Amino acid sequence: ALWVLEDRVTALETEQEVVVQDLAAVEQRQDVTESHVQQLQADHSNLSLTVQEHGKVLESLRTSEQQYNNTASSALSGWPPQNANFCGHESDLAELARIFQSAGTQMVILNGCAGVGKTSLTL
């Protein structure tokens, strides 16, 4: 019966060694995982800044493109760019289009008080 107890103690010691090794492996994986998580958090932070920076650059490029298009169209047509704040004259524009589409119309005279949008309407 003593040999059975000795075999059982040996088995328990072996099992204890395996558990200790498994525990060491888990702790090592936990250290690697924590390090990996920290690296992922740093990468995410860097990417967030990069996305924000790209957004600012993209907005700047869009503004520059719009300014370029306005300037280019003005240079090509010989006319100044259309005023982006010009609004509320849709019916006037429709009336001018209708007049110019009728046969024989080559000139229209616009008159009105200063600052009502005559020049912007003609452009």
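Modeller: Reading from the N terminus, the elements of the protein run α-α-α. Please bear in mind that this is a predicted model.

Colleague: How many helices and strands are there in the protein?
Modeller: The protein has three helices and zero strands.

Colleague: And what share of the residues is buried?
Modeller: Buried residues account for 5% of the 123 residues in the protein. The protein exposes about 10800 Å², and carbon and sulfur atoms supply 57% of that area.

Colleague: Changing topic, how many salt bridges does a search of the whole structure find?
Modeller: The search finds one salt bridge. It joins the side chains of E95 and R98, at 2.5 Å from N to O.

Colleague: Where do E95 and R98 lie?
Modeller: Both E95 and R98 belong to helix α2, and they are three residues apart, about one turn of the helix. In general, side chains of opposite charge can pair when their charged atoms come close.

Colleague: What about F100; which helix is it found in?
Modeller: F100 is found in helix α2, which spans residues 90-101. F100 is also partly exposed, with a relative accessible area of 44%.

Colleague: Which residues is F100 in contact with, leaving aside its neighbours within four places in sequence?
Modeller: With those neighbours left aside, F100 is in contact with T105, Q106, M107 and V108.

Notes
Residues are numbered from 1 along each chain as its sequence is written. This is a predicted model: local features need pLDDT of at least 70, side-chain atom pairs count only at pLDDT 80 or more; totals for chains, interfaces and linings use all residues. Side-chain values use heavy atoms; hydrogens and water are left out. Helices (H or I, at least four residues) and strands (E, at least two) are DSSP runs, numbered from the N terminus. Buried means under 20% relative accessible area, exposed over 50%, partly exposed in between (1.4 Å probe, protein chains only). Contact means heavy atoms within 4.5 Å. Accessible areas come from the Shrake-Rupley method with a 1.4 Å probe; for residues, only the protein chains shown count as cover. A salt bridge is a side-chain nitrogen of Lys or Arg within 4 Å of a carboxyl oxygen of Asp or Glu.
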